[in-house]
Structure formats: C-alpha cells, structure tokens
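This briefing covers domains, helix packing, the ligand shell and backbone geometry. Please look over the sequence and the model before reading on.

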Amino acid sequence: MFGKKKARPQIDQEQLELIQNAQKRIKQKKRLYFHFVLFLIGSIFIILANTVLDIGKDFTPFGKEWFLSAIFVWLFFLLYHVFNVFITHKFMGKAWEQKQLDKLVVQQKLRIEQLKNELEKEAPHIAESEHYNKSLKKKEKTSELTIVVAAAENNAIGKDNKLIWHLSDDLKRFKNLTNGHHIIMGRKTFESFPKPLPNRTHIVITRQNNYQVPEGVIVVNSLEDAISAVKNDSQPYIIGGGDIYKQALLLADKIELTRVHEDFEADAFFPDIDPSIWKETANTFHTKDDKHDYEFSFLTYERK
Ligand SMILES: NC(=O)c1ccc[n+]([C@@H]2O[C@H](COP(=O)([O-])OP(=O)(O)OC[C@H]3O[C@@H](n4cnc5c(N)ncnc54)[C@H](OP(=O)(O)O)[C@@H]3O)[C@@H](O)[C@H]2O)c1
C-alpha cells in the first residue's frame, strides 16, 4: 500500500511523436517489402499458370500471352506503391513537417526577442565605450583621469553638501593621491570646503558665468573644459560630487574607491560600477578602530 510507486520513464510529447512516426514508417516499408515479395512469387505463379498449366492459353490481349499484361499491370501498382512510400510520404508526412517548421519559426522569434533584449541591455555599455573612445581620439589623452571617491554600500557619498563620515585613513589616502595634482570638482563640492586644499590646483565646474573664486582656483563651464585644463598633468583627479561623478564615469580611466561597509541616508550618490566595464585591480580591507567608526576597503578599478 505504501510501497514506492514505480518510476515511469518520462518521454515528452515531441519524442513520443517521433517514435510513433518512426513506427509508422517501419510499417510502411515492411508493407512495401511484402508487396515486392508477393509480386515476385505472384509473377512466377502467373507465368507457370499460363505457360505450364495452360490456363487462359487462348486469351492473348494485344497479341501476347496474358501473363505479360498481368505482370505489367501489377508492376505498375508496385511502382505506384514505391512512389507513395518514398516520394509522396517521403519523411514523416506533410503535417509533421509543417508542425516542425512552425516550431522552428516560434523558436527563432523567441531567440530574436532574446537578442533584442540583450542588445538593449548592452547598448548603454557600447555607447559608453564609444563615448570614451571618441573622447580619447579627440583629445589624444596624455593623462590618466582618475576618480577618487568614498562611497557607502548603498553608494551614498554626501548629505546636505557635507561628507557623511570621518575616516582618518581615507582622508590620508585622498591627500597622498591628489597631492601636487589637479583636482576637478563640481561647484557644490567646492563650496563644501572651508577653503581650497593646499598644494593642489582646483578646477571648479559651474554653469554660472561670473562665479567668484579665490586666486589660483580655475573655473570652467563644462567637464570637457575641465579635462582640457588638466591636459598637462599626467595624473589629474575627479573628486566629486555626485553630479560630476556621474558624467565623469564615462570618461575616466581609473577609480580609487573607498567602500564604506554601511548603508547611509544621503542626497548625493556615486553611480553603480559596472563590472562589465571596470575590473577590480586592488582591494585592501580596514577594520573599525578608535579613528574609524566603520569598516571600509580601499578598492582600485581600471577600465577593461
Ligand atoms: N564621498 C565622497 O567621496 C565625496 C566627494 C565629493 C563630494 N561629496 C559630496 O557630494 C555632495 C555634492 O555633490 P552634488 O552632486 O550635490 O554636487 P557636485 O557634483 O559637487 O556639483 C554640482 C554642480 O556642478 C556644476 N555642474 C555639474 N555638471 C556640470 C556641467 N556638465 N557643466 C557645468 N557645470 C556643471 C553645477 O554647478 P552650478 O549649479 O553652479 O551650475 C552643479 O550644480 C556633497 O554632499 C559632498 O560632500 C562626496
């Protein structure tokens, strides 16, 4: 009663149809073979009946013995049978062929849909690569444009135009990387500093025409102008904020990311790093301690 049910072999409908068709085909051929053997035996029997037993000796259609006409008519039926098996129903039958064709068409349509979806997903990456390559050619880049950023797990980077955390080693890293170089930033990030950072050339991007800045700070009206302004620096940095990072990610060669391993409420965010475009080349983990309230990792990404 509670014994295991015997597992039945699972054959899908398509396999079943193939087997049934193959069986039908074998039967068709067997019948033809049987017809052929019958024709041979029958012909011998007719010849003997006519010539040895003299059956219908006087019946001579078309001036010849009747067995010739009889064999000829039978041969005609045999050939018709052959024609039927090998030509008219040559494979699995018209209906079966049509069904297979319809199936193929449906499969192809599904594949085309799938390819379309994949292409739609890929399009932004292709566009980004093209954008990057074009900008490379246009400016014959001599410098490696690097983004420096500290972002939380949820990509939060700032709130109310301030940084969200204070991580001493992250600030040191920022200082060491950018020291002596050009730093490109959005107007809001610039305004978040109490004063310009020492030993760095500040390039501030704004759409305002008469934006006033302290001496030494360079004001430009677009990211492209900012990049032109730093072409003599082999290692300029994009230092934020969210608005500028989003645009610069299309043009940068490298990302120096400090990933803070927490989620934070924020109003400025870093864009997602697409692993199909960027490869991680360095990763160093830092634990919490007296000077660091959160765990974080220093990560380097390079454009593939
Ligand atoms: N965690 C980090 O590593 C990090 C780093 C930097 C900043 N942050 C934080 O990020 C936040 C600021 O980021 P945000 O996105 O609000 O501002 P933002 O990117 O610093 O600056 C945005 C401003 O830049 C100008 N701008 C942007 N695109 C431009 C273009 N294509 N052409 C000309 N001007 C352009 C505009 O200035 P105008 O309005 O004057 O036209 C725009 O309002 C702050 O909270 C800051 O603390 C965090």
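Which of the 28 residues around the ligand come nearest? They are G158, G186, G240, G241 and G242, where a residue is near a molecule if its C-beta atom, placed from the backbone, lies within 6 Å of it. This is a predicted model, in which local features need pLDDT of at least 70 and side-chain atom pairs count only at pLDDT 80 or more, while totals for chains, interfaces and linings use all residues. Residues are numbered from 1 along each chain as its sequence is written.

**Ligand shell**
- Two or more residues each are given to the shell by β1 (146-152), β2 (156-158), β3 (182-186), α5 (187-192) and α7 (242-248); helices (H or I, at least four residues) and strands (E, at least two) are DSSP runs, numbered from the N terminus.
- The shell residues divide into 10 nonpolar, 13 polar and 5 charged, with Ala, Val, Leu, Ile, Met, Phe, Trp, Tyr, Cys and Pro counted as nonpolar, Asp, Glu, Lys and Arg as charged, and the others, Gly among them, as polar.

**Backbone geometry**
- The peptide bond from G240 to G241 is cis, with omega near -5°, and G241 is found in the loop between β6 and α7.
- N155, in the loop between β1 and β2, is not a glycine but has a positive phi of about 70°.
- D160, in the loop between β2 and α4 (168-178), also is a residue other than glycine with a positive phi, near 50°.

**Burial and contacts**
- Y237 lies in strand β6 (residues 237-238) and is buried, with 26 other C-beta atoms within 10 Å; the class requires 20 or more such atoms, exposed means 12 or fewer, and partly exposed is in between, with C-beta atoms placed from the backbone.
- N155 is partly exposed, with 19 other C-beta atoms within 10 Å, and D160 is exposed, with 9.
- Not counting residues up to four places away in sequence, Y237 touches T146, V148, L177, T178, H181, I183 and I184; contact means C-beta atoms, placed from the backbone, within 7 Å.

**Domains and helix packing**
- The domain assignment, automatic or from a database, gives domain 1 (13-92) and domain 2 (142-303), whose C-alpha centres lie 90 Å apart.
- Helices α1 (residues 13-51) and α2 (residues 66-88) pack at about 175° with axes 10 Å apart; axes are lines fitted to C-alpha atoms, for helices over the stretch in contact, and angles run from 0 to 180 degrees between N-to-C directions.
- That makes α1 roughly antiparallel to α2, a label for angles over 145 degrees.
- By class, the contact of α1 with α2 has 13 nonpolar, 6 polar and 1 charged residues.

Technical notes. Contact = placed C-beta atoms within 7 Å. Parallel < 35°, antiparallel > 145°, perpendicular 65-115°, else oblique.
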